[in-house]
Amino acid sequence: MSYSLENFCDDTRSILLASDNHDGRNTIRQKFELLLGDDTFCAAYVGPNEDPGVRQIYEDPDMHFCVLAYNMAAARNSPPHDHGESWAIYGQTAGYTDMTVWSVDSDEGSIEPLKTFRLEPGQAGLFDVREIHSISYAAGSKFVRVTGVDMNLETRRVFDPETGAIREIEQVGTDKA
Ligand SMILES: [Fe+2]
């Protein structure tokens with residue numbers, strides 16, 4: 001059965017209207033995996049001939065969630081970060097992405113890795129509001145990301161993993177992570 005970007009966005013809208021909470025976002029993550037498995041969707045947005053880079057492929061006019069396609073030529077390790085008041089779901093379509101979840105020790109002013117997991121093609125991972133994560137992907141990786149809002153309008157935190165120092169980032173332009 002095919003499952004299009006339009007199907008996914010319709011479902012996401014309905015789910016957020018009914019339950020804009022962790023359970024609802026996890027249901028969106030499950031729907032996202034249906035989209036990652038759709039050959040027509042993958043060919044259109046994360047196919048082998050896509051130009052390298054990041055491209056926004058949908059923004060909801062009313063609820064403002066955004067879908068971005070990532071066709072990444074080079075490998076990258078992101079610093080630990082959150083997405084401000086937004087949740088984020090990453091979904092792999094080619095290559096892999098290693099995800100690390102971090103915890104903050106506010107007394108020590110440091111951050112520590114909590115767990116790491118690998119997203120393989122067809123798998124999606126949810127990071128809820130303020131959940132700190134870093135991503136590491138191989139050259140040639142392709143993935144799609146959904147956020148609750150346009151991240152270009154959201155202030156987010158980026159952490160130095162060695163010192164725990166926090167920078168607040170606004171207006172990140174084409175957001176890489
Ligand atoms: Fe992120």
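Student: Which strands form the five-strand open sheet, and in what order?

Tutor: The order is β1-β2-β9-β4-β7, and the pairing is antiparallel. Keep in mind that this is a predicted model.

Student: Which strands are at the edges?

Tutor: β1 and β7 are the edge strands. Each of them pairs on one side only.

Student: How many degrees does the twist average from one strand to the next?

Tutor: The average is 20 degrees.

Student: What holds strands together in a sheet, in general?

Tutor: Strands of a sheet pair through backbone hydrogen bonds, in either a parallel or an antiparallel way.

Student: Back to this one. How many bridges join β1 to β2?

Tutor: Six bridges, and the two strands run antiparallel. β2 covers residues 66-71. As an example, Gln-56 has Leu-68 in β2 as its bridge partner.

Student: And what about β4 and β7, how many bridges there?

Tutor: Four bridges join β4 to β7, again antiparallel. Ala-88 stands opposite Phe-127 in β7.

Student: What is in the hairpin of β1 and β2?

Tutor: Six residues lie between the strands. One of the residues to look at is His-64, in the loop between β1 and β2. Its phi is near 70 degrees, a positive value in a residue other than glycine.

Student: Is His-64 buried, partly exposed or exposed?

Tutor: His-64 counts as partly exposed, because it has 13 C-beta neighbours inside 10 Å.

Student: Where is Arg-130, and what is its phi?

Tutor: Arg-130 is in the loop between β7 and β8. Its phi is positive, about 70 degrees, although Arg-130 is not a glycine. Arg-130 is partly exposed, with 14 other C-beta atoms within 10 Å.

Student: Let's go to the other sheet. Which four strands form it?

Tutor: The order is β3-β8-β5-β6, an open sheet with antiparallel pairing. β3 (76-77) and β6 (110-119) stand at the edges with a single partner strand each, so one side of each has no neighbour in the sheet.

Student: How many bridges join β5 to β6?

Tutor: Nine bridges join them, and they run antiparallel. β5 covers residues 97-105. Thr-97 has Leu-119 in β6 as its bridge partner.

Student: New topic: helix α1. What span should its 14 residues have?

Tutor: α1 covers residues 5-18, and at 1.5 Å a residue it should span 20 Å. Its end C-alpha atoms are 20 Å apart, which agrees.

Student: Which residues of α1 are buried?

Tutor: Phe-8, Cys-9 and Thr-12. Seen down the axis of α1, the buried residues fall within an arc of 95 degrees, so they line one face of the helix.

Student: Why would residues a few places apart point the same way?

Tutor: An α-helix has 3.6 residues a turn, so residues three or four places apart point the same way.

Student: What covers the buried residues of α1, and what sits on the face turned away?

Tutor: The cover includes α2 (22-36) and β1 (53-59). The face turned away carries the exposed residues Glu-6, Asp-10, Leu-17 and Ala-18.

Student: Which residues touch the most other members of the largest nonpolar core?

Tutor: Phe-32, Ile-89, Tyr-90 and Val-144 do, in a core of 29 residues. Elements that each supply at least two residues of this core include α1, α2, β4 and β9. β2 gives the most, with five residues.

Student: What does Val-144 contact beyond its neighbours within four places in sequence?

Tutor: Its contacts include Leu-36, Tyr-45, Val-67, Leu-68 and Gly-91.

Student: And Ile-57, where is that?

Tutor: Ile-57 is in strand β1. Ile-57 counts as partly exposed, because it has 15 C-beta neighbours inside 10 Å. Beyond its neighbours within four places in sequence, Ile-57 contacts Leu-5, Tyr-45, Val-67, Leu-68 and Ala-69.

Student: Last one. Is Gly-148 buried or exposed?

Tutor: Gly-148 counts as buried, because it has 25 C-beta neighbours inside 10 Å. Gly-148 lies in the loop between β9 and β10 (156-159). Leaving aside neighbours within four places in sequence, its contacts are Phe-65, Ser-86 and Trp-87.

Definitions and conventions
Residues numbered from 1 in each chain as written. Predicted model: local features only at pLDDT ≥ 70, side-chain atom pairs only at ≥ 80, totals over all residues. Expected span 1.5 Å × (residues − 1). Buried ≥ 20, exposed ≤ 12 C-beta atoms within 10 Å, placed from the backbone. Arc of directions from axis to C-beta. Contact = placed C-beta atoms within 7 Å. Pairing = 2+ DSSP bridges. Core = buried A, V, L, I, M, F, W, Y, C linked by C-beta atoms within 7 Å. Axes fitted to C-alpha atoms, helices over the stretch in contact; angles between N-to-C directions.
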